[in-house]
Amino acid sequence: MRNLEYEKICDEVLESDKKIRYVGVYDYGELYDKMRADAENYLSREETELSLSQAVYRWSTRKKTSNKIGKPIFALAKYEKIYRVTIPIGGAGLILISTELDADVNEIVEKVLKIKNKYS
């Protein structure tokens, strides 16, 4: 995928739901991201990139059991301040989304999967 497509994905995901605070696409060590203007930034860019590189590793371990339980679609973590969702894209890339705690996370994931599939 080209950089321009990653930027479009970020724009479309952020516009798809008001409860999405942040979206980033991380692929081949490059981060393309957007944050809602009124959202507080909890992590620095460096912390976000470090966290994403660790998430890429976790995805590689999830894939090892896919022949038995199926291909992983998304991963969800709930923190005290946000929900965080990771969705695989491209070869080894990830879409990272953070949402408000009162978000309908399953609905948001469905919207993001549709956007992702449009570009895949």
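A polar contact is a pair of N or O atoms within 3.5 Å; within protein, one must be able to donate a hydrogen and the other to accept it, and residues adjacent in sequence count only if both atoms are side-chain atoms. The views show a predicted model, in which local features need pLDDT of at least 70 and side-chain atom pairs pLDDT 80 or more, while totals for chains, interfaces and linings use all residues. Residues are numbered from 1 along each chain as its sequence is written, and side-chain values use heavy atoms, without hydrogens and water.

**View A. Surroundings of Asp-27.** Asp-27 belongs to strand 1 (residues 20-27); strands (E, at least two residues) and helices (H or I, at least four) are DSSP runs numbered from the N terminus. The side chains of Asp-27 and Tyr-6 make a polar contact of 2.4 Å. Beyond residues up to four places away in sequence, Asp-27 touches Tyr-6, Ala-92 and Gly-93 (contact: heavy atoms within 4.5 Å).

View B. Ser-51 lies in helix 2 (residues 45-63). With a relative accessible area of 14%, Ser-51 is buried (buried: under 20%; exposed: over 50%; partly exposed: in between; 1.4 Å probe, protein chains only). A polar contact of 2.5 Å links the side chains of Ser-51 and Arg-84. Leaving aside neighbours within four places in sequence, Ser-51 is in contact with Arg-58 and Arg-84.

**View C. Leu-76 in strand 3.** Leu-76 is located in strand 3 (residues 75-78). Leu-76 counts as partly exposed because its relative accessibility is 46%.
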